[in-house]
Amino acid sequence: MAGIKVFGNAASISTRRVLLALHEKNLDFELVNVELKDGEHKKEPFLSRNPFGKVPAFEDGDLKLFESRAITQYIAHRYEGQGTNLLPADYKNPAHYAIMAIGLEVEAHQFDPVASKLAWEQVFKNFYGLTTDKAVVAEEEAKLAKVLDVYEARLKEFKYLAGETFTLTDLHHIPVIQYLLGTPTKKLFTERPRVNEWVAEITKRPASQKILQ
Ligand SMILES: N[C@@H](CCC(=O)N[C@@H](CS)C(=O)NCC(=O)O)C(=O)O
């Protein structure tokens with residue numbers, strides 16, 4: 001079948017980022033399962049799709065991509081007039097685009113490395129029969145608290161991280177937050193009033209609910 005294909009795993013945070021963007025745009029797609037526990041992502045044919053051996057990879061007709069955040073940006077631009085607008089309302093204004101780009105960078109380099117480590121320790125290690133390292137959790141929670149303090153201040157000024165509308169910046173946070181809400185780390189989100197409201201808002205979206213099914 002031609003059209004959109006996602007090569008990934010329905011439980012993977014990065015795969016879910018792409019699925020979210022597709023659901024927000026109401027696009028039809030096929031999720032081709034890549035079995036991480038069998039190491040399928042480290043072998044051909046997957047390595048031809050992403051030589052770094054990480055899910056997801058993506059195909060839209062002849063176009064082949066990898067890196068979840070590059071894929072979501074492609075989807076947001078390519079399917080601009082469809083479903084939810086995932087870009088700033090005035091995204092052709094370079095200043096407005098740059099505000100969202102800051103949010104994308106902060107998520108990728110400040111928030112996600114810490115949040116994903118917390119999800120690994122408290123959620124994914126259980127799947128593999130490994131034990132949570134409580135010292136690592138404490139250390140990473142201290143780092144996450146600092147990032148969330150910055151978010152709290154930002155969200156006192158704006159409804160969403162890049163302004164008054166939901167954008168890719170917010171979307172990129174959703175999958176790992178959904179996992180962390182099922183762990184004691186949840187308290188870091190709930191004890192900050194504006195962060196708490198933002199989390200409730202972005203996780204109750206229909207697309208956010210769909211990736212949990
Ligand atoms: N920066 C990449 C990260 C991809 C990534 O780390 N994927 C994880 C699953 S969420 C993976 O493939 N892990 C298996 C491995 O690294 O062996 C992206 O956003 O696509």
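Predicted model: local features only at pLDDT ≥ 70, side-chain atom pairs only at ≥ 80, totals over all residues.
**View 1. Who sits around the ligand.** The ligand is surrounded by S12, I13, S14 and R17, together with H41 and K42, then K54, V55 and P56, and finally E67, S68 and R69.

**View 2. Polar side chains that reach the ligand.** Look at E67 to start with: one of its polar side-chain atoms lies 2.7 Å from a nitrogen atom of the ligand. For K42, an N or O atom in the side chain is 3.1 Å from an oxygen atom of the ligand. R69 also points a polar side-chain atom at a ligand oxygen, at 3.4 Å.

**View 3. Helix α3 against helix α4.** Here α3 (residues 68–78) packs on α4 (residues 94–127) at an angle of about 155°, the axes being 13 Å apart. The pair is therefore roughly antiparallel, and α3 passes α4 in a right-handed crossing. On the α3 side the contact uses R69, Q73 and H77, and on the α4 side Y97, L104, E107, A108 and D112. Sorted by class, that's 3 nonpolar, 2 polar and 3 charged residues. R69, then, turns up both in this contact and around the ligand.

**View 4. Helix α4 against helix α5.** Now α4 meets α5 (residues 134–157) at about 150°, with axes 9 Å apart. That makes the two roughly antiparallel, and the crossing of α4 past α5 is left-handed. Among the α4 residues in the contact are I99, V106, F111, V114 and L118, and α5 brings residues including V136, V137, L144, V147 and Y151. The tally is 11 nonpolar, 2 polar and 7 charged residues. E107 of α4 takes part here and in the contact with α3 as well.

Methods. Residues numbered from 1 in each chain as written. Heavy atoms only, no water. Axes fitted to C-alpha atoms, helices over the stretch in contact; angles between N-to-C directions. Helix = DSSP H or I, 4+ residues; strand = E, 2+ residues; numbered from the N terminus. Parallel < 35°, antiparallel > 145°, perpendicular 65-115°, else oblique. Left-handed = near helix turned anticlockwise from the far one by under 90°. Contact = heavy atoms within 4.5 Å. Nonpolar A, V, L, I, M, F, W, Y, C, P; charged D, E, K, R; others polar. Near = heavy atom within 4 Å. Polar contact = N/O pair within 3.5 Å; in protein donor to acceptor, adjacent residues only side chain to side chain.
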